[in-house]
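Biologist: Thanks for joining me for a walk through this model. Shall we begin with the overall picture and then visit a few residues together?

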Amino acid sequence: MYEKKIPFDIDCGIRIAMEVISGKWKSCIIFELSNGAKRPSEIHRLFPEANSRVINQQLKELEMHGIIEKKIFAELPPHSEYSITPLGRTLLPIIEKLEEWGNSFRPNMKKMLGMEE
């Protein structure tokens, strides 16, 4: 796993939160898993523009932090699925607020990108 060059500041709540949910796809993964468990292939299909390696890395990090869990089914053919944990569910109000803010900022973003209607 990637090792950071700058030491992690455990005394800052914002940095702790960002450590857990920062990453281009983490919030989206958490949000999607709030609707039910999904196989890794389903998660990859939800974000076709995302690099598979990045999605896999972010799944591992979310699992490491206890936000999601991976269940491996010992059957033929073997498969696994990810689901959100109770701890992960505590992030949903934050992610919903981020989505609300993003939706309200959309007109500004369109203007900045020259996409205004």
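Modeller: Gladly! Here, a contact means heavy atoms within 4.5 Å. Please keep in mind that the model is predicted.

Biologist: Good to know. With that cut-off, which residues is Phe8 in contact with, leaving aside its neighbours within four places in sequence?

Modeller: Phe8 sits in the segment before α1. Its C-alpha lies 8.8 Å from that of Glu19, a residue 11 places away in sequence. Once neighbours within four places in sequence are set aside, the contacts of Phe8 are Arg15, Ile16 and Glu19.

Biologist: And is Phe8 buried, partly exposed or exposed?

Modeller: Buried means under 20% relative accessible area and exposed means over 50%, with partly exposed in between. Phe8 has 41% relative accessibility, so Phe8 counts as partly exposed.

Biologist: Let's step back to the whole chain. What pattern does the protein follow along the sequence?

Modeller: The protein has 6 helices and 2 strands. Its C-alpha trace spans about 50 × 40 × 25 Å along the principal axes. Read along the sequence, the pattern is α-α-α-α-β-β-α-α.

Biologist: How are α1 and α2 oriented to each other?

Modeller: Two packed helices are described by the angle between their axes and the distance between the axes. For helix α1 (residues 13–21) and α2, the axes come within 8 Å and cross at roughly 70°. Angles of 65 to 115 degrees count as roughly perpendicular. The two helices, α1 and α2, are therefore roughly perpendicular to each other.

Biologist: Which residues make that contact between α1 and α2?

Modeller: The side of α1 is made up of Glu19, Val20 and Ile21. From α2, the residues are Lys26, Ser27 and Ile30.

Biologist: How far apart in space are Leu98 and Asn108, C-alpha to C-alpha?

Modeller: In sequence, Leu98 and Asn108 are 10 residues apart. In space, their C-alpha atoms are separated by 16 Å.

Biologist: Now to the strands. Which residues does Ser80 touch, not counting those up to four places away in sequence?

Modeller: Ser80 is found in strand β2. At 13% relative accessibility, Ser80 counts as buried. Beyond residues up to four places away in sequence, Ser80 touches Arg39, Pro40, Lys70, Lys71, Ile72 and Phe73.

Biologist: Which two residues are joined by a cis peptide bond?

Modeller: Look at the loop between β1 (68–73) and β2 (79–84), where Pro77 lies. The cis bond has an omega of about -10°. The residues joined are Leu76 and Pro77.

Biologist: One last thing: how far apart are the mean positions of the positive and negative charges?

Modeller: The protein has 17 positive and 17 negative charges. The distance between their mean positions is 3 Å.

Key:
Residues are numbered from 1 along each chain as its sequence is written. This is a predicted model: local features need pLDDT of at least 70, side-chain atom pairs count only at pLDDT 80 or more; totals for chains, interfaces and linings use all residues. Side-chain values use heavy atoms; hydrogens and water are left out. Helices (H or I, at least four residues) and strands (E, at least two) are DSSP runs, numbered from the N terminus. Lys and Arg count as positive and Asp and Glu as negative; His and the chain ends are not counted. The place of a charge is taken as NZ of Lys, CZ of Arg, CG of Asp or CD of Glu. Axes are lines fitted to C-alpha atoms, for helices over the stretch in contact, and angles run from 0 to 180 degrees between N-to-C directions. Angles under 35 degrees count as roughly parallel, over 145 as roughly antiparallel, 65 to 115 as roughly perpendicular and the rest as oblique. Buried means under 20% relative accessible area, exposed over 50%, partly exposed in between (1.4 Å probe, protein chains only).
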